[in-house]
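Please open the model in your viewer and keep the selection panel at hand. The tour visits charged pairs and then nonpolar cores.

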Amino acid sequence: GASQIGGCITEIRSDSGTRMLIDLGHNLPGESSQADEFDDPANLSALLDGISGIVYTHNHGDHLGFFDRVPGEIPQYIGEMSREVIVNLLDESLNKAVRAQRKPLIEEISRKILRLKSFRTYIPKRPFHVGDIKVTPYFVSHSAADSYMLLIECDGKRVLHTGDFREHGFLGKG
């Protein structure tokens, strides 16, 4: 994603073979002249092959745009408020689809809501593990409430994935 805005995906691997992704985002519409390579199910399937878990930094589509295409056996993690925000937005869309009697859209949105409800949630400063990879989320200011940077620890190394840490969140002026 270095040549585009959006489509955030970072892979972390341990020496023992644990593979996790940080974010699984879709390119932002209109930001890139190239198509998103993971719109092709074969490319997405190849990326997800052998993944032990996916940790999302926040609820923007350029960070979790492909969540509903992840096989159910791969655990997905997100902040609790982020999950609830997306579920509530999808509930609103579902109500509109029901009123319009758009059955295929109702089925699609319902499937996404069920998938989101299966996400595991994390709490700031409370470490959890994806295989042998230790992940500690830290709250950051961003335009999406409940955004995080992640401290990744494994194999004697530490990496700080800053996510969308910026000054434009509600704490930015502080």
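A salt bridge is a side-chain nitrogen of Lys or Arg within 4 Å of a carboxyl oxygen of Asp or Glu. By that criterion, this predicted model holds eight salt bridges.

**First stop: Glu-11 and its partners**

Select Glu-11 and Arg-13, whose side chains meet in a salt bridge with an N to O distance of 2.8 Å. Arg-13 is exposed, at a relative accessible area of 57%, whereas Glu-11 is partly exposed, at 30%. Is Arg-19 buried or exposed? Arg-19 counts as buried because its relative accessible area is 15%, and buried means under 20%.

**Second stop: Arg-83 and Glu-84**

Glu-84 is partly exposed, with a relative accessible area of 35%, while Arg-83 is buried, at 14% relative accessibility.

In soluble globular proteins, nonpolar side chains tend to be buried together. For the example in this model, select Leu-24, Leu-48, Ile-54 and Tyr-56, the residues with the most contacts inside the largest nonpolar core, which has 24 residues. Which elements give two or more residues to this core? They are α1 (41-48), α3 (80-99) and α4 (103-117). Colour α3 separately, as the largest share of the core, five residues, comes from this helix.

Then centre the view on Leu-48 and show its surroundings. Apart from neighbours within four places in sequence, Leu-48 is in contact with Leu-21, Leu-24, Ile-54, Arg-69, Val-70, Pro-71 and Ile-74. Two of these partners, Leu-24 and Ile-54, were already selected above as residues with the most contacts inside the core.

**Last stop: a second core**

Finally, select Val-55, Val-135, Tyr-148 and Cys-154. These residues are among the members of a second, separate core of 14 residues.

Key
Residues numbered from 1 in each chain as written. Predicted model: local features only at pLDDT ≥ 70, side-chain atom pairs only at ≥ 80, totals over all residues. Heavy atoms only, no water. Buried < 20%, exposed > 50% of the residue type's maximum accessible area, 1.4 Å probe, protein only. Core = buried A, V, L, I, M, F, W, Y, C linked by side-chain atoms within 4.5 Å. Helix = DSSP H or I, 4+ residues; strand = E, 2+ residues; numbered from the N terminus. Contact = heavy atoms within 4.5 Å.
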